[in-house]
Structures are given as C-alpha cells and as structure tokens.
Amino acid sequence: MNTQVEASTSVFDVVKQVFSVVFVVAGVAAFYYFSEVPLLYRVLGLVVVALIVVGMMLTTGVGRNVWGFVLESKQEVRKVVWPTREETFRTTLLVFGMVFIVGLILWLLDMFLFWGVRLLTGQGG
C-alpha cells in the first residue's frame with residue numbers, strides 16, 4: 001500500500017515539474033511577446049514567474065532534497081577553517097615560485113631538445 005502512495009506522490013511531483021517547465025517557457029515567451037511593455041515590468045514579471053516556479057519546485061521531492069543539500073552545505077561551510085592572511089600570502093608566493101621554477105625547467109628542456117634536433121638534422125652548429 002505504501003508503494004501506491006509513493007507512486008502517486010512521484011506522479012504529482014512529475015506533474016509539478018512539468019508545470020514548472022511550462023511556466024518558465026510561458027514566462028520567457030511572454031517576455032518577448034510583450035516587447036512594447038517597458039523592460040522593467042517585463043523583468044519583474046519574469047522574476048515573479050521564476051519565484052513561483054522555485055516555490056513550486058521546492059514542494060517536490062527533488063526540491064526538498066536540493067533545499068536540504070543547501071542547508072547542509074551552509075552548515076559545512078561554517079565548519080571550514082579558513083587560512084589566515086599570512087598563510088594565504090605565503091602559499092601564494094610558494095605557488096608563484098613553483099610556477100616560475102617549473103617554467104624555467106620546461107624552457108631549458110625545450111631549448112636543449114630544440115638544439116639537439118637542429119644538431120641531428122644538420123641545420124645548425
């Protein structure tokens with residue numbers, strides 16, 4: 001019996017998702033159809049449609065899962081230990097230094113390989 005409740009809920013969710021897509025398409029079509037209306041009113045209308053669609057999507061299972069993920073993400077961001085200004089500065093200098101050293105090594109390798117190819121092909125001395 002629970003499977004019927006879950007199936008009807010998922011069907012209702014699918015109907016809401018389809019209506020959401022229809023509302024978005026209708027909102028965008030109305031935005032261009034009413035091109036003689038000032039831009040401010042058309043944008044406000046699009047924002048209202050977007051808010052209605054988001055509200056409708058948050059009532060579906062997928063929407064509740066996404067909203068739960070957003071709330072959990074906010075909690076996780078609070079747990080992050082951010083580096084101090086000095087740590088960030090030192091790490092940035094280290095990255096710049098390593099990029100310079102690797103670039104220099106690759107440039108020298110390229111130069112010697114080019115010199116070796118020219119020597120093997122007899123194009124230079």
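The questions and answers below explain how several descriptions of this predicted model are reached.

Q: Why is Ser20 called buried?
A: Ser20 has a relative accessibility of 3%. Buried means under 20%, so Ser20 counts as buried. The residue belongs to helix H1.

Q: What does Ser20 touch, not counting residues up to four places away in sequence?
A: Ser20 touches Val53, Met56 and Met57. Contact requires heavy atoms within 4.5 Å.

Q: How do you know that Asp13 has no salt bridge?
A: The nearest side chain of opposite charge is that of Lys16, at 4.2 Å. A salt bridge requires nitrogen and oxygen within 4 Å, so Asp13 is left without one, although Asp13 is buried.

Q: Where does Asp13 lie, and which residues is Asp13 in contact with, leaving aside its neighbours within four places in sequence?
A: Asp13 is placed in helix H1, which covers residues 2–33. Its contacts are Thr59, Thr60 and Gly61.

Q: What makes Phe31 and Tyr32 an aromatic pair, and which kind of pair is it?
A: A search of the whole structure finds three aromatic pairs. In the pair of Phe31 and Tyr32, the ring centres are 5.2 Å apart and the planes stand at 90°. Centres must lie within 6.5 Å, and planes over 60 degrees apart count as edge-to-face. The pair of Phe31 and Tyr32 is therefore edge-to-face.

Q: Are Phe31 and Tyr32 buried or exposed?
A: Phe31 has 17% relative accessibility and counts as buried, because the limit for buried is under 20%. Tyr32 has 59% and counts as exposed, because exposed means over 50%.

Q: What sits over the ring of Phe31?
A: The charged end of Arg42 sits over that ring, 4.5 Å from its centre. The distance limit for this description is 6 Å.

Q: Why is the meeting of Lys79 and Glu76 called a salt bridge?
A: Their side chains meet at 3.3 Å, N to O. The limit is 4 Å, so the pair qualifies as a salt bridge. Side chains of opposite charge can pair when their charged atoms come close.

Q: How far apart along helix H3 are Lys79 and Glu76?
A: Lys79 and Glu76 are three residues apart in helix H3 (residues 61–79), so about one helical turn separates them. An α-helix has 3.6 residues a turn, so residues three or four places apart point the same way.

Q: What makes Arg90 and Glu86 a salt bridge?
A: The closest N and O atoms of Arg90 and Glu86 are 3.0 Å apart, and the rule asks for a distance within 4 Å. Arg90 and Glu86 are four residues apart in helix H4, so about one helical turn lies between them. Both residues are exposed. The count of salt bridges comes to two.

Q: How do you know that the span of helix H4 is close to the expected one?
A: Helix H4 (residues 85–121) has 37 residues and reaches 54 Å from its first C-alpha to its last. The expected value, at 1.5 Å a residue, is 54 Å. Gly122 follows H4, with a positive phi near 75°.

Q: Why are Phe96 and Phe100 called exposed?
A: Phe96 has 57% relative accessibility, and Phe100 has a relative accessible area of 58%. Exposed means over 50%, so both of these residues count as exposed.

Conventions
Residues are numbered from 1 along each chain as its sequence is written. This is a predicted model: local features need pLDDT of at least 70, side-chain atom pairs count only at pLDDT 80 or more; totals for chains, interfaces and linings use all residues. Side-chain values use heavy atoms; hydrogens and water are left out. Helices (H or I, at least four residues) and strands (E, at least two) are DSSP runs, numbered from the N terminus. Buried means under 20% relative accessible area, exposed over 50%, partly exposed in between (1.4 Å probe, protein chains only). Lys and Arg count as positive and Asp and Glu as negative; His and the chain ends are not counted. The expected span of a helix is 1.5 Å times one less than its number of residues. Rings of Phe, Tyr and Trp (its six-membered ring) pair if their centres lie within 6.5 Å; planes under 30 degrees apart count as stacked, over 60 as edge-to-face and the rest as tilted. A charge sits over a ring if NZ of Lys or CZ of Arg is within 6 Å of the ring centre and within 35 degrees of the ring normal.
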